[in-house]
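Me: I'd like a close look at one part of this structure, please. Which residues come nearest to the ligand, and where does the ligand sit?

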Amino acid sequence: MTDLFSKFDPVIEIREQLLATGLTDPFNLVMEKVESPTVAICNGKRTILLGTYNYMGMTFDPDVIAAGKQALDEFGSGTTGSRVLNGTYAGHRACEEALKDFYAMDHAMVFSTGYQANLGIISTLAGKEDYIVLDIDSHASIYDGCALGNAQIVPFRHNDIEALEKRLKRIPEGAGKLVVLEGVYSMLGDIAPLKEMVAVSKANGAMVLVDEAHSMGFIGEHGRGVAEAQGIIDDVDFIIGTFSKSVGTVGGFCVSNHPKFEILRLVCRPYVFTASLPPSVVATAATSIRKLANSADKRAHLWENSKRLHAGLRQLGFTLGTDEPQSAIIAVIMPDLETGAAMWEALLNEGLYVNLARPPATPANMTLLRCSLCALHTEDQVGEILGMFAAAGRATGCID
Ligand SMILES: Cc1ncc(COP(=O)(O)O)c(C=O)c1O
């Protein structure tokens, strides 16, 4: 019998080698108590959270929590059904209305996760005969959507406008074309040149889908994302997003102005063949989305936090993923996995949680300490964070 697990042996070996050094497992940390969007208790110790996607700090918003509790009381704990059967409650519709208002778009479709939104929309739109042109650093859910639909995948170099254009021009005349881009790339925290890329895509007859998972709520005047900030949101055919980041709960969605959009509710398998979100979740999401629309002050503070942390880390001598802060994600590049893991543990011992990111999630085989800021981090907390980076960096030899 061939052991079907043998293909995982290289991963098992890397993991065992790392843990044999006595290091805390960076992928098995328990949040014993969560006190606020920025502080938790880990290993019995107060820990500042700098590795969550809680960009706008909505998880403890009193209105959001009240809406969830009310829905739990009035509609129960779950729908036990698909959106197309018994699983569409008033709350799912209200959530889709909140999304339509937030994006000023005609249609919104709520999925059970952002992963399923990409999986469903991409696989349903682009089939075997169609071409998907995508940035090589695209999220796993985008790649999985391409694979599920069996489309022809044409990757291009990260954020390279010319490479995108070249690929588009090589696609046979008359074929269906979907260009898939992200607003913010979550590993290095860099943004896409969407304005140019959408123009090139349209000039070559392609439809465009933009995943704004890491920009919703924060980037753009109304928090609609990078497409809004670059003034081209009306040229984008589909925006994908998630409730698991700025919205502060779980779920995913697609918004669009396409006149035939609603038919997707009947033909999109990851929408049809799965249970819908619990009423409490859609109630928290709808309340959060409506509040995010009017959160300009929080957006401004989050930019301040991002700029302050970026400048401070640079001054300490760390190598960062971008020359300037472009989003709420600031990636600190580590020389290798061992040093990255040691630095991650030293930070945790100081009382700071960041994400340790490694291949295959990262581009170019990089090991990263990924910091994601929250609008509720105070100026003092950012100062504390920089102090912890200085101490851990010196203790591990990452900086002088
Ligand atoms: C770019 C991007 N798209 C989609 C997703 C999936 O979102 P969800 O957590 O809602 O499944 C993520 C999650 O990390 C993401 O980074």
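Reply: Let's begin at the ligand and then look at the space around it.

First, some ground rules: this is a predicted model, with local features needing pLDDT of at least 70 and side-chain atom pairs counting only at pLDDT 80 or more, while totals for chains, interfaces and linings use all residues. Residues are numbered from 1 along each chain as its sequence is written, and side-chain values use heavy atoms, with hydrogens and water left out.

Now the ligand. It has 14 residues around it, and Gly114, Tyr115, Asp211, His214 and Thr242 come nearest (a residue is near if one of its heavy atoms lies within 4 Å of the molecule). Sorted by class, that shell has two nonpolar, nine polar and three charged residues. Here Ala, Val, Leu, Ile, Met, Phe, Trp, Tyr, Cys and Pro count as nonpolar, Asp, Glu, Lys and Arg as charged, and the others, Gly among them, as polar. Helix H4, residues 114-125, gives the most to the shell, with three residues. (Helices, H or I with at least four residues, and strands, E with at least two, are DSSP runs numbered from the N terminus.)

Thr242 has a polar side-chain atom 2.6 Å from a ligand oxygen. For His214, the gap between a side-chain N or O atom and a ligand oxygen is 2.7 Å, and for Ser244 it is 2.9 Å. On its own the ligand has 400 Å² of accessible area, and the protein covers 86% of that (such areas come from the Shrake-Rupley method with a 1.4 Å probe; for residues, only the protein chains shown count as cover).

So where is all this? Rolling a probe the size of a water molecule over the atoms shows where empty space is left. On a 1 Å grid over the protein atoms alone, a cavity is a set of points where a 1.4 Å probe fits but cannot get out, and a pocket is an open set with protein on both sides within 12 Å along at least five of seven lines; lining residues have an atom within 4 Å of a point. The ligand sits in the largest pocket, meaning more than half of its atoms lie within 2 Å of the pocket's grid points.

That largest pocket holds about 830 Å³ of space; grid points are joined across faces, edges and corners, and a volume is the space filled by probe spheres set on the points. It is lined by 38 residues, with His139, Ala140, Ser186, Met187 and Ala361 closest to its centre. Two or more lining residues come from each of H4, helix H5 (140-149) and strand S9 (238-242). By class, the lining has 15 nonpolar, 17 polar and six charged residues.

The largest cavity has a volume of about 60 Å³, and among the residues lining it are Arg83, His92, Phe111 and Tyr271. Strand S4 (107-111) and helix H10 (269-272) each supply at least two of its lining residues.

Note on methods: A polar contact is a pair of N or O atoms within 3.5 Å; within protein, one must be able to donate a hydrogen and the other to accept it, and residues adjacent in sequence count only if both atoms are side-chain atoms.
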